[in-house]
Amino acid sequence: MMSTSAQGSLRVLHSFGSHHGANCSAPRCTRPSKLKGCRVRCRGEEEKLSDVQSAWLDVSPLPFLATLPAVSASAANAMDAADNLSATTTYVPSAMDAGDGWAQFVVLMVTALCGLVGMKVSFDGEQTASQDAISERVAKQVAAMETAETIPVIGVPLGDLKDRLAVSGTASSLDIDGLLRIDGVLSPDTAKALLAEVNATLERELARAGKGSLPSDSFGNVYCKGNRYDLKLPLRGVAEAALREAVLNMGPVLEKVAGGNTAKLCEFAALVSDPGSTRQPVHPDTNYRRDRCVVTTFVALQDVESDMGPTVFIPGSHTARAHLAFKEANEVGGPALAAPNCVATLRTGDVSMFDSRLLHCGGGNSSNKRRVLFYFSFEVSGKENPNSGFSSIRDELRGTLTLQDLRNQPIVETVS
């Protein structure tokens, strides 16, 4: 049965043919006259016109036009068939017991496998490209910092902290330099116990992950992950005791630099750098904003020597001027990296406290010893932390504890 569109096409072509035929008939006499010989002259002109039409017909496309109705009908029917197929026909695999059921199943499995392999190859390629780009950036940064002066950071003994805070305003070092060192915050016994706990927890979590990706409930994101881990700690046992001890000892300073006792704990983890871990690129933990929003404290759980990849800080680089210079040099040169820096070699229990906007990086561990830093961060009261949703803290602890809670109230174990 011919489709509606085909019938419409035929009507158009028939109309065209009729119109063309009408135009090809001899014209009526446009010069009627009663004079003798008028009809003869017109008849002669008609005969001449007929000869011209015959000659035109010999070279005209009329034979082709005669076939157009059939061609149009076939094309229209084909279009209708295609429309019906796309609108109503879907692929339905054969049943497994059908003749080609197993063949189609094999094809499906092979296609899926090829897709997975392609995705894996693409992902690995992107990771390799990203690691290569980071390595190139680190090399350029190291070259730019070669001529920069390395300066020591003078630590404030914990016993002198209260007096210095009252007399000279020790906390102002965080305003000026973005960095403050306090010695002996954690006792050797607590540091030793927590180090053993971190090592055991890390081994347990790595075994749980197997050869797969590290689970985000226990691991945070960190630059240069090879042989380097950001391990989120549960709030119990030795980890809880270490946090309380550090917060109680540093309470007056933390209260001042974090805007009061309502500052919220936003990070609670351990940075582990194994032998062979590479140097990180210089970076801030928080991109520049006018006000300090997070204060981070690194606590050494063992002596951190120069070949263990101690943290490199650039004092004063938490400012708008330093961040602008860093960005303008594409983070690989310029005055920000040429400024004096310091390398945080620490003794067990010593602390590096810094503004999260400060430029810094973890060094490469060329020793044969693991370096572990216990760390915690507080959001400054009344300031927005842009990283609050993905900072390194277990989800059940996020946004639940303030400095006041940790200083004055016993902590209830939240992880079984």
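Mentor: Contact here means heavy atoms within 4.5 Å. The model is predicted, so local features need pLDDT of at least 70, side-chain atom pairs count only at pLDDT 80 or more, and totals for chains, interfaces and linings use all residues. Residues are numbered from 1 along each chain as its sequence is written, and side-chain values use heavy atoms, with hydrogens and water left out.

Trainee: Which residues is Phe-374 in contact with, leaving aside neighbours within four places in sequence?

Mentor: Among them are Leu-186, Leu-233, Phe-268, Thr-297 and Leu-301.

Trainee: How many residues are in the largest nonpolar core?

Mentor: That core has 47 residues, and Phe-374 and Phe-268 are among those with the most contacts inside it. A nonpolar core is a set of buried Ala, Val, Leu, Ile, Met, Phe, Trp, Tyr and Cys residues joined through side-chain atoms within 4.5 Å.

Trainee: New topic. Is Asp-274 buried or exposed?

Mentor: Asp-274 counts as buried because its relative accessibility is 13%. Buried means under 20% relative accessible area, exposed over 50%, partly exposed in between (1.4 Å probe, protein chains only).

Trainee: What does Asp-274 touch, not counting residues up to four places away in sequence?

Mentor: Asn-227, Tyr-229, Asn-365 and Arg-370.

Trainee: And how many salt bridges in the whole structure?

Mentor: A search finds 17. A salt bridge is a side-chain nitrogen of Lys or Arg within 4 Å of a carboxyl oxygen of Asp or Glu. Asp-355 forms one with Arg-357, with the closest N and O atoms 2.8 Å apart.

Trainee: Are Asp-355 and Arg-357 buried or exposed?

Mentor: Both are buried.
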